[in-house]
Amino acid sequence: MKTPTDVLREEHVLVLRALDTLERAADRLDRGIPVPDVWWGELIAWLRGFADATHHAREEKLLFPALVRAGVPDEGGPVGTMLAEHVEGRALIAAMAEGAPWERAAAARRYVTLLRAHIDKENSALFPLAESVLDERVQQALRREFEAAAAELGPRGSIGQAEAVLEGLAAALG
């Protein structure tokens with residue numbers, strides 16, 4: 001059975017694919033090739049729905065509190081850093097949603113840079129820390145909470161659904 005950090009790592013693979021697609025869109029904008037507003041709207045909805053409301057919510061509402069209860073510092077520690085980066089990412093998504101093409105491209109590049117570094121920190125440092133400080137009982141409880149959260153979201157929170165939408169966005173971009 002997958003551990004909570006296995007689930008989050010699997011989601012990271014999909015988010016990284018989304019970042020590659022977003023970077024391609026920014027490249028197009030930088031070359032003066034338009035990207036339709038409807039495409040941006042769908043990508044923003046994906047980032048807000050899957051990357052944030054599904055993935056980041058699992059971290060913020062379930063994993064991070066478990067880490068703090070296990071003694072990992074919140075303020076000034078790895079949990080606080082990750083939370084601050086989630087907030088920064090949300091601000092960049094808002095900038096991508098509202099900006100002119102050149103502003104979207106700039107915000108997209110900052111978001112891609114932020115999230116790639118963020119994912120690397122989680123995969124290489126935070127998740128191994130979680131695996132070392134959270135005992136089996138806590139990990140099992142987190143697994144159940146992850147499953148309950150997924151059931152509550154329904155298909156829109158599933159990796160399969162998120163992957164299908166992302167593939168469509170990548171194909172539409174060309």
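In this predicted model, the side chain of histidine 56 makes a polar contact with that of aspartate 52 at 3.2 Å; a polar contact here is a pair of N or O atoms within 3.5 Å, where within protein one atom must be able to donate a hydrogen and the other to accept it, and residues adjacent in sequence count only if both atoms are side-chain atoms. Local features were taken at pLDDT of at least 70 and side-chain atom pairs only at pLDDT 80 or more, whereas totals for chains, interfaces and linings use all residues. Residues are numbered from 1 along each chain as its sequence is written, and side-chain values use heavy atoms, with hydrogens and water left out.

Histidine 56 belongs to helix H2, residues 37-69 (helices are DSSP runs of H or I with at least four residues, numbered from the N terminus). Histidine 56 counts as buried because its relative accessible area is 6%; buried means under 20%, exposed over 50% and partly exposed in between, with a 1.4 Å probe and protein chains only. Beyond its neighbours within four places in sequence, histidine 56 is in contact (heavy atoms within 4.5 Å) with Ala51, His86, Arg90, Leu115 and His118. At histidine 56, H2 also bends by about 35°, the bend at a residue being the angle between axes fitted to the seven residues ending there and the seven starting there. After H2 comes glycine 71, which has a positive phi near 105°.

A kink of about 40° in H4 is centred on glutamate 122.

Tryptophan 40, residues up to four places away in sequence not counted, touches Leu22, Ala25, Leu29, Val35, Met96, Arg104 and Ala108.

The charged side chains complete the picture. Across the whole structure, 14 salt bridges are found, each a side-chain nitrogen of Lys or Arg within 4 Å of a carboxyl oxygen of Asp or Glu. One of them joins arginine 58 to glutamate 11, with the closest N and O atoms 2.0 Å apart. This pair links distant parts of the chain, with arginine 58 in H2 and glutamate 11 in H1, 47 residues apart. Both arginine 58 and glutamate 11 are buried.

Another salt bridge brings together glutamate 163 and arginine 17, at 2.7 Å from N to O. Here H6 supplies glutamate 163 and H1 supplies arginine 17, 146 residues apart. Glutamate 163 counts as partly exposed because its relative accessibility is 28%, and arginine 17 does so at 32%. Arg17 and Glu163 are also linked with Glu167 in a network of salt bridges.

Arginine 90, one of the contacts of histidine 56, forms a salt bridge with glutamate 60, the closest N and O atoms lying 2.8 Å apart. Arginine 90 sits in H3 and glutamate 60 in H2, 30 residues apart. Arginine 90 is partly exposed at 31% relative accessible area, and glutamate 60 is partly exposed at 25%.

How values were computed:
Helix = DSSP H or I, 4+ residues; strand = E, 2+ residues; numbered from the N terminus.
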